[in-house]
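This briefing goes through one protein chain, from its overall build to selected side-chain pairs and single residues. Please keep the sequence and the 3D view at hand while reading.

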Amino acid sequence: MPFINVKTNVSVPDDSKTAIKSALGQAITAIPGKSERWLMVGIEPEYSLYFQGTDSPAAIAEVSVYGHPSPDAMNSLTGKITDILSDTLALSPDRIYVSYAETDNWGWNGCNL
């Protein structure tokens, strides 16, 4: 039950949103047991985002995940997310952050798992 929220200070056309969503659906499989079936994706374009003191094109992908993936799985996913955002939005990889929040509590369908 992962959620990936992408915030970027660049415009994201609808076709790029769809491409990002689809690519993240494939990338999430880097974490064993996770798939697009349970993935929720948010995309926040034209977000007020500053990095290194400038508003040059940048992005952050916030990954929330139920459970505790291995560091290797998260490292693999970070590489995939960076590639997706770099390729789709023409962002420099050194202007992309990926953060993780792991939890033992996740609500869905009116109750916690």
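Among contacts in the chain (heavy atoms within 4.5 Å) between residues at least 6 apart in sequence, 80% join residues at least 24 apart. This is a predicted model, in which local features need pLDDT of at least 70 and side-chain atom pairs count only at pLDDT 80 or more, while totals for chains, interfaces and linings use all residues. Residues are numbered from 1 along each chain as its sequence is written, and side-chain values use heavy atoms, with hydrogens and water left out.

**Overall build**

- The chain has 2 helices and 6 strands, where helices (H or I, at least four residues) and strands (E, at least two) are DSSP runs numbered from the N terminus.
- Read from the N terminus on, the order of these elements is β-α-β-β-α-β-β-β.
- The radius of gyration, taken over C-alpha atoms, is 14 Å and lies close to the 13 Å that the globule rule (2.2 Å times the number of residues to the power 0.38) gives for 113 residues, so the chain is as compact as a globular protein of that length.
- Along the principal axes, the C-alpha atoms fill a box of roughly 40 × 30 × 25 Å.
- Of the 113 residues in the chain, 39% are buried, a class that means under 20% relative accessible area, with exposed set at over 50% and partly exposed in between (1.4 Å probe, protein chains only).
- The chain exposes about 6300 Å², of which carbon and sulfur atoms supply 49%; accessible areas come from the Shrake-Rupley method with a 1.4 Å probe, and for residues only the protein chains shown count as cover.

**Aromatic pairs and the nonpolar patch**

- The structure holds 2 aromatic pairs, for which the rings of Phe, Tyr and Trp (its six-membered ring) must have centres within 6.5 Å, with planes under 30 degrees apart counted as stacked, over 60 as edge-to-face and the rest as tilted.
- One of these pairs joins Trp38 and Trp108 edge-to-face, at 5.0 Å centre to centre and with 90° between the planes.
- This pair links distant parts of the chain, since Trp38 is in the loop between α1 and β2 and Trp108 is in strand β5 (residues 107–108), 70 residues apart.
- Both residues are partly exposed, Trp38 at 34% relative accessibility and Trp108 with a relative accessible area of 42%.
- Phe51 and Tyr97 also form an edge-to-face pair, because their ring centres are 5.0 Å apart and their planes stand at 65°.
- Here too the pair links distant parts of the chain, with Phe51 in the loop between β2 and β3 (59–66) and Tyr97 in strand β4 (residues 96–103), 46 residues apart.
- Phe51 counts as buried, at 17% relative accessibility.
- Trp38, Trp108 and Leu113 make a nonpolar surface patch of about 300 Å²; patches are made of residues with over 30% relative accessible area and no salt bridge, like charges being joined within 9 Å and nonpolar side chains (Val, Leu, Ile, Met, Phe, Trp, Tyr) within 5 Å.

**Salt bridges**

- Side chains of opposite charge can pair when their charged atoms come close.
- A search of the whole structure finds 2 salt bridges, each defined as a side-chain nitrogen of Lys or Arg within 4 Å of a carboxyl oxygen of Asp or Glu.
- In one of them, Glu62 pairs with Lys7, and the closest N and O atoms are 3.7 Å apart.
- Because Glu62 lies in strand β3 and Lys7 in strand β1 (residues 3–8), this pair ties together parts that are 55 residues apart in sequence.
- Glu62 is partly exposed at 27% relative accessibility, whereas Lys7 is buried, with a relative accessible area of 15%.
- Lys17 and Asp14 meet in a salt bridge at 3.9 Å, N to O, and both lie in helix α1, 3 residues apart, about one turn of the helix.
- Lys17 counts as partly exposed at 28% relative accessibility, and Asp14 counts as exposed at 58%.

**Two serines**

- Ser86 lies in helix α2 (residues 71–89) and counts as buried at 16% relative accessibility.
- Not counting residues up to four places away in sequence, Ser86 touches Leu91, Pro93 and Ile96.
- Ser64 is placed in strand β3 and is partly exposed, at 22% relative accessibility.
- Leaving aside neighbours within four places in sequence, Ser64 is in contact with Met1, Pro2, Phe3, Ala101 and Trp106.
- Ser64 and Ala101 are 37 residues apart in sequence, yet 4.7 Å apart in space, C-alpha to C-alpha.
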